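Q: Hi, I've got this one open and I'd like a tour of the ligand sites first, then the sheets. Where shall we begin?

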Amino acid sequence: MTVVDPATRPEAAPAADAGTRTAFRTCPLCEAGCGLEVTVARDDEGTERVTRIRGDRDDVFSHGFICPKGSTLRQLHEDPDRLRRPLVKRDGAFVEVGWDEAFAEVDRLLTGVVAEHGREALGVYVGNPNAHNISALVYLKPLLKALGTRNVFSASTVDQRPKEISSALMFGTGLSVPVPDIDRTDHLLLLGANPLESNGSLATAPDWPGRLAAIRERGGRVVVVDPRRTRTAERADEWVAIRPGTDALLLAAMATTLLEEGLADPGAAGPHLADLDRLADLLAPFTAEAVAPATGVAADDVRRLARDLAAAPTAAVYGRIGTTTAEFGTVASWLVDVLAVLTGNLDRPGGSMFTRAAAGSATTRGTPGVGRGIRLGRHTSRVRGLPETMGELPAACLAEEIDTPGEGRIRAMVTVAGNPVLSTPHSARLDAALEGLDAMVAVDIYVNETTRHADVVLPAPSALEKPHYDLALLQLAIRNVANWSDPVLARDPDQPDEWEVLARLALVAQGVGPDADPAVVDDLVVDSLLAGAVGDEHGPVAGRDPAELKAMLGDERGPARIVDLMLRTGPYGDAFGARPDGLSLEALRAAPHGVDLGALEPRLPEVLRTPSGKVELAPEPIVADLPRLEAALDADPDALRLVGRRDLRSNNSWMHNVEVLVKGKERCTLHVHPDDAARLGLADGATARVRSRVGEVEAPVQVTDAVRPGVVSLPHGWGHAHPDVRLGVAQRHAGVNSNVLTDDTVVDVPSGTAVLNGIPVEVAPA
Ligand SMILES: Nc1nc2c(c(=O)[nH]1)N[C@H]1C(S)=C(S)[C@@H](COP(=O)(O)OP(=O)(O)OC[C@H]3O[C@@H](n4cnc5c(=O)[nH]c(N)nc54)[C@H](O)[C@@H]3O)O[C@H]1N2
Ligand SMILES: Nc1nc2c(c(=O)[nH]1)N[C@H]1C(S)=C(S)[C@@H](COP(=O)(O)OP(=O)(O)OC[C@H]3O[C@@H](n4cnc5c(=O)[nH]c(N)nc54)[C@H](O)[C@@H]3O)O[C@H]1N2
Ligand code: SF4
Ligand SMILES: [Mo]
C-alpha cells in the first residue's frame, strides 16, 4: 500500500523555527469546517508532536474563527483512552491483537452468522462523524453493498432525514437543501437551531456568531423560534417561545397568512413552480387563530411574523434539529422552503440558495434541470413496518429488529463511528438488545457505551493522522469553497488508514476472506466513478477514455485519488486538461487556506433533479401527512415536555473524555422554569426524577427562565457511568442519558425520524 509521508507534502510549510513546522487543515469536528493552523514540533528522536492549534487567519472561509473544540484535536490525538490497536473479546474481556488476527475474527464471526441465518441477519449503524470523514464518505458505500442487508441504520434518522426528504421531494435530491444566505440577508428567521452553541448545521458556515451579528449591524433582523431562550435568541431581535413540536403549525399559519393577505409573490422562481395554486387549500385549516393554542404563539404574533418576512427586502428561513427531530419534521422542513417560495426568497441572494459544490454533488451531474427524484418506502421494517428512506430504516426501530424473535431478526451488528446507545431513542432497550447479539464489530476510536458490546473493535486513526475533504458538508455551504487537508501527523506504523479498514471490512463482508487487499475496493470505486463521469453526456469528460483518465490520476491510493477525480470532473474542475485553470487536488494542495469559489448564485432551474423539472410544492407524501398535522391542533397544550440542548463544549456523545471541555460546572442538568419549579417543588441544585413512557432518569435541577414554562430541557450524549466503558475522564463527568426517556414508538411519519424533542414527561423531586 502506498502511504505518502505527510511531511513531504507541499502544505507542510517550512519550519517556523528549528524543529517546528506549521500545517493547515480543516477541523473535522462539526459542520462549520474551520481552518486550523497546527504547529508541530520534532524532538531529538524525530518524534513529532502537536504543540499548538489555533484558527487559520488566512482560511478563505473561517478567517481565523475557531471554537473551544477545534484546538482539542491534540488532546483527542493524545488521549490515552483512544484505541491504537484492534480489540477482540476473549472470555468476556477485550484483549489487544494485531490487525490480521482482528480481521480473521471478524471473518469468522460474520461468515458464521451469514451461513446460519442469511444476510438479513446482519445490521449496520453508521454514526455522525462519518459525515465529516472522507474515508467513510467514499468507502462506506462499498461496505454497505458488501454487507448485502436491508438493515441499514444511521444517525440521519435521529437528525436531518426530514429535511433530506422534503428537499428531495421538492428539488430532486437529498442534498438539494436550500441554505440561508446569511451573509447577504436582511431578515433571518431561525427555528429550532442554536448556532451559537452548535456552530450551525445543514448550512455550512464557520463563525455563525460573527455572521449573525453582521446581519444586525447592517440593519437586518434576526428572529429565533425556540422553547428556550438560547444564546442565539439572546443575541436576536426577537425570541418566539414556541411550544415544542409545533413549528409545522406555526409555519403553516404563516403561509396561510401570506396567502390570505395577498402577500404571496414567488418572484423569479415563479415559472419553475408546480402546484403553487394548491397551497391555499392544503393549508386552509391552519389559520393564525387555529394554531395559537397549540403553538403558544398569539394569532397576532403569527401574522406579524409572516408580514415581517414578506416585507423584508430579502429574507431567509432556516430550521434545524428542533424542527426535524420533532413530530412533524418532514412537514415543517417543507414549510420552511414553502415560506421562502411565497416570499420570493427561493434562489435569490439574501434568501435561501443552492450551493454549487466543487465535488460530489448530484445537482451538477446528469441532465441539468431534471432527474429521477426520490421514492420512499421501497421496503419496510420487519417488526413495525416503518418505511425505508434513502436506503435506510429508522434508528427508532433498531432495538426491536434485534430483540424481536422471528425470521429476519438481526443477529450481528456492524457499527461505524456511531454511539446509538446514547444517541437513539429508548436506549436502555437498545443497550440490552446489543448484549444479546451473536456478533458485533465496531470501527471506532473508543470503547464506549455502544462499542463495549462489540466482539471486535477496529480503531480508526486520529483526525490529525487523516486527510480531510468535506465532501458532504461543502455541498451545503453558504459560499462555494473547497479545501483539502493532508494528514498533519504520520500514522503509527501498524495503523491502517480508515479507508483501508473500511475497504478490508467490505471484502470480509463480501466473503472474500480476511487477507484480501483493500486496494481492490479502491480501484473499483475509481472505476465506477470514472465510468459515471465519461458516461455523463452533459459532463466535462463525456465520452473520454476512462483508462486514459485513470492514468492521469497518478499513483496515490485512497481518498486523495478519489477527491482528485471528483474535483476534476466537477463544475470547476480541470476536466483532465480540457480546462487547464480548473480545480484538481494539486490546485487545492497549492492553496492550503482553501479556494474561494464565490458567493452563491441563483441556480433555478438547472439545479433541479425532479422528474417534472419543477419545484414540487405539494409532494404527495407530504400532503398525505397534513391530516395528522391538523389533528395536532387539538393536542394538550398543558403537558410538560422535554427538549434537548447543545453546549459549545460538547459534540454529541463522544468528546466528554477531553478534560478541558468537561471541567467546570456540571452541564448535564435539567433546566426548569421557575414557575414549574415552584409548582413541582423542585429547588435549584436538587435532584429531579424525570419519567417518560419508556424510562426514568435522575438529574440535577437548574432553575432558569431560559426555558418557557411547561418545558424542561436535558442535553443528550451524556451517561458515561457504565464501568465497562474506557473513558476515564468522561466517567468522572458521567451525566445521564436523556435518550433513556425518548420514546422509540413516536416518529415523524414520512421519514421515520425519532421524535427527540417534545417528549411528554413527569418531573418530581427525587
Ligand atoms: N435526545 C437527543 N438525541 C440525539 C440528538 C438530540 O439532539 N437529542 N441529536 C442527534 C444527532 S443530530 C446526531 S447526529 C446523533 C449522533 O449519533 P451518533 O453518531 O450515534 O453518536 P456520536 O455521539 O456522534 O458518536 C460518534 C461515535 O464515533 C466515534 N468516532 C469519533 N470519531 C471517529 C472517527 O474518526 N472514526 C471512527 N470510526 N469513529 C469515530 C466516537 O467514539 C463515537 O462512538 O445523535 C442524535 N441523538
Ligand atoms: N457544540 C456542539 N455542536 C454541535 C453538536 C453538538 O453536540 N455540540 N452536534 C452537531 C450536530 S450532529 C448537529 S445535527 C447540529 C445541530 O445543530 P442545531 O440544530 O443548531 O442544534 P441545537 O443546538 O440542539 O439547537 C436545537 C434547538 O432546538 C430547540 N428546540 C427543541 N425543540 C424545539 C421545537 O419543538 N421547536 C423549536 N423551534 N425549537 C426546538 C432547542 O431548544 C435547541 O435550542 O449541531 C452540531 N454541532
Ligand atoms: S466550530 Fe469548532 S468544532 Fe466546529 S469546525 Fe470550527 S473549530 Fe471545529
Ligand atoms: Mo446531527
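A: Let's begin with ligand 1. Helix 15 (420–423) and strand 16 (439–444) each supply at least two residues of the shell around it. Helices here are DSSP runs of H or I with at least four residues, strands are runs of E with at least two, and both are numbered from the N terminus. A residue belongs to the shell if one of its heavy atoms lies within 4 Å of the ligand.

Q: Before we go on, what should I know about the model and the numbering?

A: This is a predicted model, where local features need pLDDT of at least 70 and side-chain atom pairs count only at pLDDT 80 or more, while totals for chains, interfaces and linings use all residues. Residues are numbered from 1 along each chain as its sequence is written, chains are lettered from A and ligands numbered from 1 in the order in which they are written, and side-chain values use heavy atoms, with hydrogens and water left out.

Q: Thanks! Which residues come nearest to ligand 1?

A: There are 29 residues around ligand 1, and Y125, N128, D444, K466 and S653 come nearest.

Q: And what polar contacts are there?

A: Here a polar contact is a pair of N or O atoms within 3.5 Å; within protein, one must be able to donate a hydrogen and the other to accept it, and residues adjacent in sequence count only if both atoms are side-chain atoms. A polar side-chain atom of S423 is 2.7 Å from an oxygen atom of ligand 1. For a nitrogen atom of ligand 1, a polar side-chain atom of E498 lies at 2.8 Å, and one of H716 lies 3.4 Å from a nitrogen atom of the ligand. The protein covers 96% of the 920 Å² of accessible area that ligand 1 has on its own; areas come from the Shrake-Rupley method with a 1.4 Å probe, and for residues only the protein chains shown count as cover.

Q: How does that shell split by class?

A: The shell around ligand 1 has 13 nonpolar, eleven polar and five charged residues. Nonpolar means Ala, Val, Leu, Ile, Met, Phe, Trp, Tyr, Cys and Pro, charged means Asp, Glu, Lys and Arg, and the others, Gly among them, count as polar.

Q: OK, ligand 2 next. How many residues surround it?

A: 31 residues surround ligand 2, and S198, D226, G245, D247 and N652 are the closest. By class, nine are nonpolar, 13 polar and nine charged.

Q: What would I find if I looked at its oxygen and nitrogen atoms?

A: An oxygen atom of ligand 2 lies 2.9 Å from a backbone N or O atom of N194. One nitrogen contact goes to an N or O atom in the side chain of D247, at 2.6 Å, and a backbone N or O atom of L648 lies 3.3 Å from a nitrogen atom of ligand 2. Of the 920 Å² of accessible area that ligand 2 has on its own, the protein covers 98%. Helix 5 (195–198) and helix 12 (321–324) are the elements that give two or more residues to this shell.

Q: Which residues surround ligand 3?

A: They are C27, L29, C30, A32, G33, C34, I66, C67, K69, G70 and N199. Seven are nonpolar, three polar and one charged.

Q: Switching to sheets: what is the strand order in the three-stranded one?

A: The order is 1-2-3 in an open sheet with antiparallel pairing, where two strands pair if DSSP finds at least two bridges between them. Strand 1 (20–26) and strand 3 (48–55) are the edges, each pairing on one side only. Seven bridges join strand 1 to strand 2 (residues 35–42), with T26 opposite G35. Strand 2 and strand 3 form a hairpin with five residues between them, and G46 in the turn has a positive phi of about 90°.
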